[in-house]
Amino acid sequence: MDSIAGKKPALMWAVQISVVALVLLWVVPTFGLLVSSFRTGDQIVSSGWWQALTEQEQQLSPIRVEGAEVALDGAFVIEGRLFTSATDLLAWGTSSVQPNAYAPGDTADLGEGVTLTVQADGAYVLTSPVTTIGTRLPRIFATASTPPEFTTRNYTNVIASPMAGQSIGQAFLNTLTVAIPATVIPILVAAFAAYALAWMDFPGRALLVALIVGLLVVPLQLALIPLLQFHNWIGIGKGYLGIWMAHTGFGLPLAIYLLRNYMVGLPRDIIENAKVDGATDFQIFTRIILPLSFPALASFAIFQFLWVWNDLLVALIFLGTGNDQQVLTGNLVNLMGSRGGDWEILSASAFVSIAVPLLVFFSMQRFLVRGLLAGSVK
Amino acid sequence: MGTIVVVWTTITITVLKVFDIVLAMTNGQWETQVLANYMYDKLFRSLDWGMGSASAMIIMALVTPILVWNVWNARKEMR
């Protein structure tokens, strides 16, 4: 950066700071979602993820006094415990109108000589001058402080058990079934097309390249209705074959464009020498062009895989929802609709579904940049 | 300038097609309806193929200037 003439240090600072701000803007909510996916549902409801490591203050649902009645000193006494795990009582009450009327250790007078005492560890004693068998026992409203609780139960729930149609594990396999062929087939087709458009001379080549560039821009909604009608007409209907063909078709313009740009940048001498030596076009393609084009192929593969993985529209239309062929994105949308309040499930599902794209991206990252840039610098 | 214009047009096209985020978050309620979600809604919920096709054509019409410009640039480069 120092060798660039005229670059002011202040400008570079502004760039660095804005990059850091943007990264933080994106990373902090994602980290919050990760923390939420490991907490239990009750704790998510009671406090935000930034308080996940502190003691959780929570208003419990009313607990009815119960226990064996013992006759003691002429009065009838019922003893019991409110909590089974280590919990600190902060305040308690006997009516929903005043749930925090008493402090731990206080004695509440419930009328007609009945008293109730609740200690800080949740042990309560109910004393009554007449027998309480057959009467309705009071309920205790407690505000308690529980230690932070982390669990992996959300993930096991999400992966194994069916929710909103089918389990995430099954949807994961479905998405893989859709994504891998939908990445491999376009590459196969586009590599041949790109070589022809780059290194073979035939009339109409310029028009075809212009057409491909134009098709890059066309929105895929335009083709959905005719394509679906066509699939129904030839009998494919809804299914994996239809969606593979659809993704291939939608991905081909970008594939041919990227690969052609890269292949045009390959050194002309090698190809000319090979032609002089009598190699056919197919031999040049398989022995020279394909090995050299590997960065571009890899970068397009990443693009296409990520796009197909994240795609919802084509999957909704060509596969449908609510069946055993549903993909992850459709599953997530259903989850948001039917269990939108269960944050622990939503966050765990979100992380299960982004695990694979993250893995693909980070492992093949160097190919992405190399493949994209190599084609654009002429 | 050329890079900015290319990125701008690419992002514009992507935004015109945005569907899944709108469907998952609001489904077009509270005045957040967009063209792509409107098309999906008309096609597969109301089963109104005419309105769905019309909205697809509107999306295409919005994108046509960028298409023409891209093709023109590509032909210029090929010569």
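# Reading burial, salt bridges and an interface

Author: With a relative accessibility of 21%, B:D41 is classed as partly exposed. The scale calls a residue buried under 20% relative accessible area, exposed over 50% and partly exposed in between (1.4 Å probe, protein chains only). The model is predicted: local features need pLDDT of at least 70 and side-chain atom pairs count only at pLDDT 80 or more, while totals for chains, interfaces and linings use all residues. Residues are numbered from 1 along each chain as its sequence is written, chains are lettered from A and ligands numbered from 1 in the order in which they are written, and side-chain values use heavy atoms, with hydrogens and water left out.

Reader: With which residue does B:D41 form a salt bridge?

Author: The term covers a side-chain nitrogen of Lys or Arg within 4 Å of a carboxyl oxygen of Asp or Glu. B:D41 pairs in this way with B:R45, at 2.9 Å from N to O. B:R45 is partly exposed too, at 44%. As for spacing along a helix, an α-helix has 3.6 residues a turn, so residues three or four places apart point the same way.

Reader: How many salt bridges are there over all chains?

Author: The whole structure has four. One of them joins A:D121 to A:R81, with the closest N and O atoms 3.7 Å apart. A:D121 sits in the loop between β7 (115–118) and β8 (123–128) of chain A and A:R81 in strand β4 (residues 75–81), so the bridge ties together parts 40 residues apart in sequence. Here strands (E, at least two residues) and helices (H or I, at least four) are DSSP runs numbered from the N terminus. A:D121 is partly exposed at 40%, and A:R81 is exposed at 52%. A further bridge links A:D201 and A:R205 at 3.9 Å, N to O; A:D201 is exposed at 71%.

Reader: Is A:H247 buried or exposed?

Author: A:H247 is buried, as its relative accessibility is 0%. It belongs to helix α7 (residues 240–264) of chain A. Contact means heavy atoms within 4.5 Å. Setting aside neighbours within four places in sequence, A:H247 touches A:V178, A:A182, A:Q304, A:W307, A:V308, A:D311 and A:V314.

Reader: What covers the buried residues of α12(A)?

Author: The cover includes α4 (168–199), α10 (294–310) and α13 (343–363) of chain A. The buried residues of α12 (residues 328–338) of chain A include A:L328, A:T329, A:G330, A:N331 and A:L335.

Reader: How much area is buried between chain B and chain A?

Author: The size of an interface is often given as the accessible area lost when the parts come together. The figure (1.4 Å probe) is summed over both parts. For chain B and chain A it is about 2200 Å², with carbon and sulfur atoms giving 80%. The elements of chain B that give two or more residues to its side are α2 (20–25), α3 and α4 (49–78). Of these, α4(B) gives the most, 16 residues. In contact are 27 residues of chain B and 25 of chain A. No salt bridges are found across this interface.

How values were computed. Buried area is the accessible area (1.4 Å probe) that two parts lose on being put together, summed over both.
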